[in-house]
Amino acid sequence: MRLPEEQIKQAILHSELPIRSLALRYFTHSFSEDTTVMPLVIQVVEKYGREISIPFIRGGAGLPQTASTIEWCMEELRQNLVIDQENLDDYRYAYALSNIITHADPLLTRTSELEILGLPGFLPELGSAFSERIHLLTEDAESLWNRLMNFCERENEKQYLSEMDLPHAYRLVEALGRCGGAVVVDRVLMMLNEDVDYSEDDSRALMKGFLLRLAGELRLTAAVPSLIEALKEDDDWLNEESQRALVRIGGEVVAKAVSDEFPTAEWHFRLYGSGVLEQLHTDLATRKCIEFFEEEPDETIITYLGQAALSNFSTEAIEPVRQFILSNEIDPEILDLRESLISVSTVLGVEFSEYEAWKKGNEEAEALRRILYPEKYGNFFGISNDLIADLEEDTDDSASDTITQPAYFPNTIIRQEARIGRNDPCPCGSGKKYKKCCLNKSNGNSQLN
């Protein structure tokens with residue numbers, strides 16, 4: 001049994017922080033259209049205080065807004081916030097509020113553009129993204145399409161996605177999705193079905209990532225087969241865009257399409273497919289998460305599936321996850337899984353013999369996690385434990401920040417090895433460019449959450 005969404009919404013107000021966080025992610029990571037969730041976030045701020053609630057405000061950027069929630073954010077930004085290095089909490093709070101306004105439907109903010117830009121707490125570094133989203137409302141679909149195509153032709157020769165102005169391109173995609181129309185839909189479906197030689201310098205290869213995202217913006221069910229095929233490609237960016245689009249489209253059609261491929265799919269498909277199933281919030285998706293969890297041999301993916309099953313607040317997920325935790329040594333992923341298990345069990349009112357001990361252990365888990373990360377994964381190119389903790393906090397909401405983030409950063413994985421550019425010499429020593437040689441042969445086994 002899955003907990004009804006109305007009860008999950010009430011868990012956003014729970015007295016325990018991990019429960020509030022898990023309940024909010026249920027909505028923010030699934031592109032929920034429920035406008036009653038953001039007012040609950042505001043209640044959390046007013047009930048528990050600004051500082052402890054900053055992650056919730058950041059999560060609000062992934063929620064639909066209303067005129068009243070935008071006005072609340074604006075009023076908060078009118079307050080006497082001190083935005084400098086000595087007042088980090090004020091800065092984070094101001095950034096989170098500014099980010100919500102920047103991500104909000106521009107139809108809600110266009111009449112207040114100048115007022116918002118002039119608010120004392122609105123961060124100037126978000127101003128261009130905020131204004132561009134508003135100004136794109138005036139462009140028609142053909143103009144937006146041409147601008148996106150020109151972007152791909154202009155940027156194609158760059159080696160890394162991080163060298164491109166992806167946030168600008170994503171804003172074009174978002175605007176195209178808002179325009180919609182039969183012409184745009186037909187063009188997306190046609191181009192997604194084209195054969196593209198990824199070993200050649202073809203701007204269509206870059207365009208494909210944006211087409212995948214656009215299929216999601218349009219909630220285009222007819223594109224699901226193409227999205228599944230893109231999820232089979234061993235390419236982080238295409239996988240992430242496919243995952244995002246499939247979640248936005250949602251429903252049992254997507255759950256079935258992913259589930260049909262999952263048991264025999266490659267590692268990367270199962271990794272990203274776990275994320276899709278987690279965020280669909282359907283009975284079929286939840287049932288398949290549990291089924292695949294009990295059969296999955298890979299230790300990384302099994303923890304993803306366990307989190308996916310628990311994130312749907314399902315009573316059927318509790319015992320399989322409990323048994324898995326009991327049979328494994330504690331490591332960072334097991335700690336995360338245990339924390340989610342206790343949170344879900346608390347909300348569902350389910351207790352078991354280890355419940356009290358694990359709940360107490362969760363209160364001390366952060367210190368243990370800082371020890372276990374370097375023990376398991378070594379040193380990430382000199383990254384400190386403090387930075388690892390910051391990355392954990394920051395990436396939790398990164399999926400909603402692609403409109404404004406200054407550079408590409410993977411939403412779901414961190415690699416232990418350095419990323420190889422598409423146009424870099426292939427490390428196999430063939431003398432060819434990476435994209436013309438081993439780009440599609442990498443297996444991703446070094447990826448981790």
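This report walks through the fold, the aromatic rings and the charged pairs of one predicted protein model.

## How to read the model

Residues are numbered from 1 along each chain as its sequence is written, and side-chain values use heavy atoms, with hydrogens and water left out. Since the model is predicted, local features need pLDDT of at least 70 and side-chain atom pairs count only at pLDDT 80 or more, while totals for chains, interfaces and linings use all residues.

## The overall picture

Let us begin with the whole chain. The protein has 24 helices and 2 strands; these are DSSP runs, with helices being H or I of at least four residues and strands being E of at least two, numbered from the N terminus. Of the 449 residues, 55% are buried. Here buried means under 20% relative accessible area, exposed means over 50%, and partly exposed lies in between (1.4 Å probe, protein chains only).

The accessible surface comes to about 19,400 Å², and carbon and sulfur atoms hold 50% of that; the areas come from the Shrake-Rupley method with a 1.4 Å probe. Contacts (heavy atoms within 4.5 Å) tell a further part of the story. Among those with a separation of 6 or more, 71% are between residues 24 or more positions apart.

## Aromatic rings

Next come the rings. The whole structure holds 11 aromatic pairs. Rings of Phe, Tyr and Trp (its six-membered ring) pair if their centres lie within 6.5 Å; planes under 30 degrees apart count as stacked, over 60 as edge-to-face, and the rest as tilted. One of the pairs is Y170 with F210: the ring centres are 5.9 Å apart and the planes meet at 70 degrees, so this pair is edge-to-face. Because Y170 sits in helix α11 (residues 166–179) and F210 in helix α13 (residues 203–217), the pair ties together parts that are 40 residues apart in sequence.

Y170 and F210 are both buried. They also belong to a cluster in which ring pairs link F151, Y170, F210 and W237. Elsewhere, R20 lies over the face of Y48, at 3.9 Å from the ring centre. A charge sits over a ring if NZ of Lys or CZ of Arg is within 6 Å of the ring centre and within 35 degrees of the ring normal.

## Salt bridges

Now for the charged pairs. A salt bridge is a side-chain nitrogen of Lys or Arg within 4 Å of a carboxyl oxygen of Asp or Glu, and by this rule there are 27 of them. One joins D90 to R50, with the closest N and O atoms 3.5 Å apart. This pair links distant parts of the chain, 40 residues apart: D90 is in helix α6 (residues 88–103), and R50 is in the loop between α3 (37–48) and α4 (54–59). D90 counts as buried at 15% relative accessibility, whereas R50 is partly exposed at 31%.

E261 and K232 form another salt bridge, their closest N and O atoms being 3.4 Å apart. E261 lies in helix α16 (residues 252–261) and K232 in helix α14 (residues 224–232), so the pair ties together parts that are 29 residues apart in sequence. E261 is partly exposed, with a relative accessible area of 26%, and K232 is partly exposed at 33%.

In the salt bridge between E296 and R270, the closest N and O atoms are 2.8 Å apart, and both residues are buried. Finally, salt bridges link E71, E75, R78 and E115 in a network.
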